[in-house]
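Student: I have a structure open and would like to learn how to read it. Can we go through it feature by feature?

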Amino acid sequence: LILYRRKPANMRNISHVHKTGEISNKTLIFHLEGVLLRSNSLFPYFMLVAFEAGGFLRSFILFLCYPLIWLVGEDQLGLKIMVFLSFFGIKKESFRIGTSVLPKFFLEDVGYEGFEVVMSCKRKIAVSNLPRVMVEGFLKEYLGVKAVVASEMKLVCGYFVGLMEETKTKEFVLDHDILGEGKAGCNAVGIGCYNKYFDQQLLSLCKEVYYVSTTEKRKWHTLPREKYPKPLIFHDGRLAFRPTPIASLAMFMWLPLGLFLCIIRFTSGAILPFKMCAPIHILTGTRLTVSRPGSCLTKNEEKEKGVLYVCNHRTLLDPLYVAYVLNKPVSAVTYSLSRFSEVMSPIKAIPLTRDREKDRKLMKSLLSEGNLVVCPEGTTCREPYLLRFSHLFAELTDDIVPVAVDVKVSMFYGTTASGRKCLDPIFHFLNPNPVYSIKLLEKLPRSYTCKAGAKSNVEVANYVQNEIAKALGFQCTGYTRKDKYMILAGDEGIVRSHDPPIRQLYRVNAL
Ligand SMILES: O=P(O)(O)OC[C@H](O)CO
C-alpha cells in the first residue's frame, strides 16, 4: 500500500520511469533527500557540520538536543534547530565542509535505484531542504546538476547566524530561466518522495510527476563504489563513521576511555623502545599485520645499510611502523611535518623542503649514514588510490625496497588537509582498534633501477607505484599533493618551512 500526502492528477510511481524511458531528454526536477538518499534522517549531516566546523562541544550539544529535534520533527522545527546549532557563529569563508567532507557521506547514502533514474536525465535540477552550502558541492561535482534550489544561510559580518533565508523556489526557477523552453508549459519532469516536502508550486511547473514511496525506498540498495559518477579519492574531516544518533552516542561514551588509551599509546610510542612499546600497543587494542617477501633475507642483507624504503602514504605514522617492522635503525624524510610530530618522533624524522637540490643532498647524506624511509606521494591518501610518486628517490640509489602500507580506522581519521596536523597521531590513537598493515615487497630488480638498469627516474617511480598498487589492490592516479589541497583546502598545500630541527631523537639503540 502506497500512501501519498497529496496525489497530483498526473502523478505516477517512480518505477514507471524505466518502463517509459521517456525522460532522458527532459529537464528533471528531483528532491535530493526524497529521491536519492536512502536514509530518512538528516541528523548525521548536521552532526558532521557541527563536529568538523564547530568541534566536540558543539557536536555534543547537538547530540543532547536530538530527543527534542526528533520530537518536533526533523523536517519541521527540528531542521531549524539543527541548522542553528550547527551553523551559528561559523565563518563562511572557511566553511568547506560541503565540498570536502559531506560528499563522501552523501555518496554512501545514495540509493542505487533512485540514482539510476536521476542520472538517466542529462539536465537536472535538484531541490533540497538542507542549506545550499551543505549540498551544492556534492550535487554539482558528483551529479552534474544544472541548478540547486535550496535555502541560503543568513550572514552577519561574514559569519553564519544559524538561520535560513526563505526559499522562493518557483520564483527562483522562473527568474533564472532554469527550465528554459518558455517557462510555463515546459517539458519538465518532477520526482519527489511522498513524505518529504517538495514545493507544490514547483510541481505545478512539471508536466509529469513521479513519486517514490518509503516502502519502495526501504528496498533500495546502496550505490556500489564502482558506480560512483566520479571516483571518490579525496575527502577531509576527522569522523570516519556516519554519525547517526546511536553511533554518536557510542562515540561520546568511548571518548573518556579512548583518551586514556590514546595517552598510553602515544606516550609509550614516543618514550619507550620499540620492543617495550609493542606489547603495550597490542594490549591497548592496536593491531599490526606484517608480510615479508617470499625470499628470505640473508644475514648480510639484514644488516645492509643505505637501503631506501619507499612506501605509499596513509598516515604520518607510516615511517614509524616501517621502522618497527624492519627492526633496524632508519631515518625518515617527510613533507609537512608539524614541529610537534618532529619533536615527538621516536625515529629521526626530517621535513623535506621541496627544493629539489636541497632534498637530494639531504636524502643522499641520510642514505650514506643508514637506511631511509620516504613517502614519494608527498601527502596522505585515505582511499584505495595512489597519488603520483615524485621521482627524486629513484635517482639516489639502486637499493630500493617498495613497502605497501594500509590503515583501517573505524572512528577517526588521523590525517587532515584543513585541520590541525599536530592532532593527527592523537586522532589515530583515539580509534578503538586502529589496524596497520605493512607489506615489505621484493627489492627492486637491478633491471628496474636508474644506474644498473639504465631506466629513467620516472620509469622507476612508476614501477614502484605499480608494484605497491598491485600489492594493495589500489589504483594508481596522477594526482599530486597540490591537487589534493586545491580540492580540500583551496590552497596548494605549501608548508612554511621551519628552522632546522630543534631536537631529533636518535632512537637507534632503542631498537
Ligand atoms: O596528509 P599530509 O599532507 O598532512 O601529509 C602527511 C605528511 O607528509 C607527514 O607525513
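Predicted model: local features only at pLDDT ≥ 70, side-chain atom pairs only at ≥ 80, totals over all residues.

Student: Which residue does Arg 242 meet in a salt bridge?

Tutor: Asp 109. The two side chains meet at 3.2 Å, N to O. The pair links distant parts of the chain. Asp 109 sits in helix α7, while Arg 242 lies in the loop between α12 (214-218) and α13 (245-271). They are 133 residues apart.

Student: Is Asp 109 buried or exposed?

Tutor: Buried. The cut-off is under 20% relative accessible area. Asp 109 has 5% relative accessibility, so it falls under that limit.

Student: How many salt bridges are there in the count?

Tutor: The count comes to 20 salt bridges. Take another one, Glu 395 with Arg 360. Their closest N and O atoms are 2.8 Å apart. This pair also links distant parts of the chain, 35 residues apart. Glu 395 is in the loop between β14 (385-386) and β15 (400-408), and Arg 360 is in helix α18 (residues 356-369).

Student: How do I read the accessibility of Glu 395 and Arg 360?

Tutor: Check each value against the limit. Glu 395 is buried because its relative accessible area is 19%. Arg 360, at 24% relative accessibility, counts as partly exposed.

Student: Why are Arg 132 and Glu 136 separated by about one helical turn?

Tutor: Because they are four residues apart in helix α9. Their accessibility values can be read as before. Arg 132 is buried, with a relative accessible area of 11%. Glu 136 counts as partly exposed at 23% relative accessibility.

Student: Now helix packing. What describes two packed helices?

Tutor: The angle between their axes and the distance between the axes. Apply that to helix α7 (residues 102-109) and helix α9 (residues 132-143). Their axes come within 9 Å and cross at roughly 65°. That makes α7 roughly perpendicular to α9. The crossing is right-handed.

Student: At what angle do the axes of α4 and α5 cross?

Tutor: Roughly 160°. The axes of helix α4 (residues 56-64) and α5 come within 10 Å. Angles over 145 degrees count as roughly antiparallel. That makes α4 roughly antiparallel to α5. The crossing of α4 and α5 is right-handed.

Student: Where is Phe 88 placed?

Tutor: In the loop between α5 (66-87) and α6 (97-100). Phe 88 has 46% relative accessibility, so it counts as partly exposed.

Student: Which residues form a nonpolar patch on the surface?

Tutor: Phe 84, Phe 88 and Leu 163. Together they have about 280 Å² of accessible area.

Student: One more residue. Where is Trp 254 found?

Tutor: In helix α13. Trp 254 is buried, with a relative accessible area of 16%. Now compare sequence and space. Trp 254 and Asn 431 are 177 residues apart along the chain, yet their C-alpha atoms are separated by 9.2 Å.

Definitions and conventions. Residues numbered from 1 in each chain as written. Heavy atoms only, no water. Patch = residues over 30% accessible without salt bridge, like charges linked within 9 Å, V, L, I, M, F, W, Y side chains within 5 Å. Areas by Shrake-Rupley, 256 points an atom, 1.4 Å probe, with all protein chains shown as cover. Salt bridge = Lys/Arg side-chain N within 4 Å of Asp/Glu carboxyl O. Helix = DSSP H or I, 4+ residues; strand = E, 2+ residues; numbered from the N terminus. Buried < 20%, exposed > 50% of the residue type's maximum accessible area, 1.4 Å probe, protein only. Axes fitted to C-alpha atoms, helices over the stretch in contact; angles between N-to-C directions. Parallel < 35°, antiparallel > 145°, perpendicular 65-115°, else oblique. Left-handed = near helix turned anticlockwise from the far one by under 90°.
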